[in-house]
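The text follows the display.

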Amino acid sequence: MSSATSTGSTVGVLARQEIRNYLRHKLFWFGAALVLVVDVVMVLHLDDDPSSSGSYMIAPAALLGVLGVVVMFGLTRRSDRAAEAAGVVAVPERTRTLALAGATVVPFALALVSFVAAVVAWNVHPPADYVVPPGVSDTFVYAQMFGDGVLCAVGGPLLGLLLARYLPRRGVAAVASVVLVLVTILLQGGLFPGGQPYRVFWFRTYFLSQSIEGGPGQHHFTTFPGNPYIWIGYLVVVCALGLVLAVRHDPDADRATLDKVAGGLVVAAVALGVLAMTVGFTTSIVHPAVCPTC
Amino acid sequence: MTTTARLAGAWKTFGGVPAVHPTSIELRPGVVGLLGPNGAGKTTLLRLLSTALAPSGGRIEVTGLDVTASHANRVQARRRIGYCPQEVVYPRGMTAVSFLDYIAVLKEWKNAASRAAEVRRVLDLVHLGDRGAMKVSKLSGGQRRRLAIAQALIGRPDLLILDEPTTGLDPEQRASLRGLLSGLAGTVLTSTHQTEDVSAMCDRVLVIDDGAIRFDGTVPELIATAAGRVHLGPSACAGAVQTWKTGTGLVRSVGGQPAPDSCVVDPSVEDAYLLLRSAGRTRQGVT
């Protein structure tokens, strides 16, 4: 075979292609456009939200993360079909998997812009006095924003990649997206009063919300138990575990080594998850002031 | 002449059922046709040679590399193999160029400029140079088939394996493909049901039936096996393998006892193939 002039690694070249494919995906554009609209509303404080940008990171989580499950699932199936069309190629599946994972830089970058915008908005238009309970720092809020928004925007596409590797069937990504949203709703802080520390295992977790106890006109803002700093570490490890498992799908991969790495990541995830539940606030902190606008 | 690929007692079973019996063949530069009925093991044999499928036993070498020995050898061999599967499901939303460009990356063409030039080259080879910007879904069946062949041609492989490449091509496209394949420098192994393709372009022909190679030789040698066994006359020969009325009103009989007033005619590859198949069925006790 004639020599193909070498420029960079194959995974790098392939990752650039997948990044372009991600950027061209219509569903990504739909989500990205809405995220940017939300960013503008947030930064300009057009809705006069008393909690400032505290809850805005749901936009990248839903519009880049949840939709990213579908986007990445589709890109992975497309890559698989191309490889199948070629019959045999020198580049293994794991290289394509890594390149696809590299394309998560797209939602990551956009979510990072949203995160920076949220931090700016938090400082330019600070939350009302009755929003953040005493003892809760700005960095606590930033940590939950980062985990809720930026890491979920990456985690969604990685979940799509993992599903496409192990369950490459039509509709799987859509069903997974619906399940993600439903479980997230069920695990909202206010709906889960008895076991609030334990819901921190979930990928999008509310740390700051309105208490619904006390009836109308009696609502208080509440910070739920859990440690968002450690929770970020937990999310990063879960994302890494998803990637390792996706790479492991390649029958020619070094599965013995990958199994050891996956095992280590599972241990780390469990440890960080338990720590995120038990270190930091162990009970809800209810703001003493009643929310006059709730 | 150097050997491009070699099967040494290679065999394959699926769930205990043999798909390819222990087979030993050597492939050298030239066009080799693989004939056989549906389910004979053609695709399995091609997939074994392409390294897409691991044999249940035996050894397979491609360009001197024992692909059954190690994964590294398989990867090395894949760099020198072009394979066009029988059925290709294309990725959605891609144009012909973007599809080939992606495949070229998977074949380790890392430099964008040389990759683009290679994609243009193979598109021109299959006469799709003016369809590069079209979505694959908008191409006709024949054009999609040619696109599948184009991807196999990327990188000028030493061993080109084509699984029924002429399916869906019109006579002009088939003739064009013959011209292309016969002009290639390396080894081409192509399975087909079109016996005229074999007689038109193949240096060598393999006939596979029931997972075993029944014939291995040149086209004239294959035709010679039917010499004196094909007749043309007013009526069919008794016991003929196949008979049909020709456009002249006379009946062509392949095999069987010569009918009165019939005369021997020159056999074709198809006649020889039909007789080989008949012999195979007789061997298996099938009538």
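In this predicted model, the axes of H3(B), helix H3 (96-106) of chain B, and of helix H4 (residues 112-125) of chain B cross at roughly 120° and come within 9 Å. Axes are lines fitted to C-alpha atoms, for helices over the stretch in contact, and angles run from 0 to 180 degrees between N-to-C directions. Helices (H or I, at least four residues) and strands (E, at least two) are DSSP runs, numbered from the N terminus. The angle makes H3(B) oblique to H4(B); angles under 35 degrees count as roughly parallel, over 145 as roughly antiparallel, 65 to 115 as roughly perpendicular and the rest as oblique. H3(B) passes H4(B) in a right-handed crossing. A crossing is left-handed if the near helix is turned anticlockwise from the far one by less than a right angle, and right-handed if clockwise.

On the H3(B) side the contact is made by B:Ala96, B:Val97, B:Leu100, B:Asp101, B:Ala104 and B:Val105, and on the H4(B) side by B:Arg115, B:Glu118, B:Val119, B:Val122 and B:Leu123. Two residues are in contact if their C-beta atoms, placed from the backbone, lie within 7 Å. The residues of this contact divide into eight nonpolar, no polar and three charged. Ala, Val, Leu, Ile, Met, Phe, Trp, Tyr, Cys and Pro count as nonpolar, Asp, Glu, Lys and Arg as charged, and the others, Gly among them, as polar.

Helix H8 (residues 228-248) and helix H9 (residues 255-278) of chain A pack at an angle of about 160°, with axes 9 Å apart. That makes H8(A) roughly antiparallel to H9(A). The crossing of H8(A) past H9(A) is left-handed. Among the residues in contact are A:Trp231, A:Tyr234 and A:Leu241 of H8(A), and A:Leu258, A:Leu265 and A:Leu272 of H9(A). By class, the contact of H8(A) with H9(A) has 20 nonpolar, two polar and two charged residues.

Chain B is divided into domain 1 (1-80 + 157-217), domain 2 (93-153) and domain 3 (226-283), with bounds from an automatic or database domain assignment. The centres of domain 1 and domain 2 of chain B, taken over C-alpha atoms, are separated by 23 Å. Their contact takes eleven residues from domain 1 and nine residues from domain 2. On the domain 1 side, strand E7 (159-163) and helix H6 (171-182) of chain B each supply at least two residues, and H6(B) gives the most, with three residues.

The two chains also touch. Their contact takes 34 residues from chain B and 24 residues from chain A. H3(B) gives the most to the chain B side, with five residues. That side has 18 nonpolar, seven polar and nine charged residues.

Confidence is given as pLDDT, the predictor's confidence in each residue, from 0 to 100.

| Chain | Mean pLDDT | Residues at 70 or more |
|---|---|---|
| Chain A | pLDDT 92 | 95% of residues |
| Chain B | pLDDT 93 | 98% of residues |

In chain A, confidence is lowest in strand E1 (residues 208-211), at a mean of 78, and highest in H8(A), at 98. The model scores ipTM 0.87 and pTM 0.89.

Residues are numbered from 1 along each chain as its sequence is written, and chains are lettered from A and ligands numbered from 1 in the order in which they are written. As this is a predicted model, local features need pLDDT of at least 70 and side-chain atom pairs count only at pLDDT 80 or more, while totals for chains, interfaces and linings use all residues.
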